[in-house]
Amino acid sequence: MKQPEITQVLFMAHGWGYNHRFFNALLNALPANTRNTTLFVCLEAGYFPEQARQGLMIYTQGINNQSPWVHYPAEVLHSLVLAHAEVPWLGLGHSLGFSKLLDFSVRWHSLFSLHGFTHFTNNRVLARMIHKAEQNMAEVLADFHKRCGHDAHWATLNEQTLLADLRSMQTLNATQALQQALSHGAELHAWAGNRDEIVPLALAQQCFDPTLKQQNRGLYTLASEHAGIATAPARYTDILLPLLSQH
């Protein structure tokens with residue numbers, strides 16, 4: 001039987017303290033025709049080494065019985081961009097993952113921010129978190145997952161990478177990178193939760209409202225915790241699915 005043609009690429013990036021498995025619930029909630037015609041790629045930070053190394057994870061549903069995800073080195077992205085240059089590239093980033101997407105010179109058709117941000121303002125809390133993580137990363141991560149409303153299961157931690165990414169948020173400013181992506185024609189869509197303890201609604205509004213107004217749309221707000229997409233994806237797919245299915 002002939003395989004369905006790939007009509008779009010969804011390039012995802014998970015947030016701090018999670019990995020590619022964070023998106024499993026979302027992908028399982030998508031209809032079969034969307035899954036069959038979309039190439040799903042996830043930027044993997046490698047926080048949990050026993051599950052995945054740093055690089056790219058590509059979703060290959062039905063090929064691998066143990067896991068639908070297959071690891072590739074990050075350099076493979078260049079080949080993917082060339083191989084799928086004729087179809088739309090959609091970027092979906094959760095939390096810190098959204099700003100990480102903007103590091104890549106991909107000509108985006110659309111960018112989706114799920115509880116993301118372009119800069120972080122609560123630096124006092126962040127500094128305390130970093131200080132504690134230098135002493136006991138496992139405890140900090142457990143508390144973070146609790147505040148997010150979703151646990152990630154792990155056996156080992158890449159503490160150096162976790163700490164480096166935490167520290168990077170102290171000086172993060174992805175505003176210019178976002179504007180550059182949008183100047184090439186990308187559309188921006190952003191979701192925020194009014195129960196989000198990590199990225200409060202006010203921060204999301206500060207990061208995205210001016211740009212969204214330029215594109216004649218607003219922030220999608222919902223009663224959700226920071227990791228709501230992993231626990232209740234249906235809250236998001238009513239808006240997200242039409243955006244994924246229009247290509």
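A residue counts as buried when its relative accessible area is under 20%. The model shown in these views is predicted.

**View 1. Strand β7 and its neighbours in the sheet.** Strand β7 spans residues 187-193 and is mostly covered, with 6 of its 7 residues buried. β7 runs parallel to strand β6 (residues 110-114), to which 5 bridges join it. L111 stands opposite L188 of β7 in this pairing. β7 also runs parallel to β8, and here the number of bridges is 3. A192 faces T221 of β8 as its opposite residue. Helix α9 (residues 201-214) belongs with β7 and β8 to a right-handed β-α-β unit.

**View 2. The open sheet of 8 strands.** The strands follow the order β4-β3-β2-β1-β5-β6-β7-β8, and their pairing is mixed. β4 (69-72) and β8 (220-222) each have a single partner strand, so one side of each is left without a neighbour in the sheet. From one strand to the next the twist averages 20°.

**View 3. The β3-β4 pair and helix α3.** Strand β3 (residues 55-59) pairs with β4 in the antiparallel sense, over 4 bridges. Within this pair, L56 has Y72 of β4 as its bridge partner. Helix α3 (residues 76-83) packs on the sheet, where it touches β1 (8-13), β2 (38-44), β3, β4 and β5 (89-94). The direction of α3 makes about 45° with that of β3.

**View 4. Helix α6 and its buried side.** Helix α6 covers residues 137-148, 12 residues in total. From its first C-alpha to its last, α6 reaches 16 Å, close to the 16 Å expected at 1.5 Å a residue. M137, V140, L141, F144, H145 and C148 are the buried residues of α6. These residues lie on the same side of α6 because they cover an arc of only 135° around the axis. What covers them includes α5 (123-133) and α7 (159-168). Just after α6 comes G149, which takes a positive phi of about 85°.

**View 5. G228 in helix α10.** Helix α10 consists of residues 228-231 and contains G228. G228 counts as buried because its relative accessibility is 1%, and the cut-off for buried is under 20%. Apart from neighbours within four places in sequence, G228 is in contact with P233 and Y236. F22 lies 206 residues from G228 in sequence, yet the two are 10 Å apart in space, C-alpha to C-alpha.

Terms used: Residues numbered from 1 in each chain as written. Predicted model: local features only at pLDDT ≥ 70, side-chain atom pairs only at ≥ 80, totals over all residues. Heavy atoms only, no water. Helix = DSSP H or I, 4+ residues; strand = E, 2+ residues; numbered from the N terminus. Buried < 20%, exposed > 50% of the residue type's maximum accessible area, 1.4 Å probe, protein only. Contact = heavy atoms within 4.5 Å. Expected span 1.5 Å × (residues − 1). Arc of directions from axis to C-beta. Pairing = 2+ DSSP bridges. Axes fitted to C-alpha atoms, helices over the stretch in contact; angles between N-to-C directions. Right-handed = clockwise from strand over helix to strand, strands pointing away.
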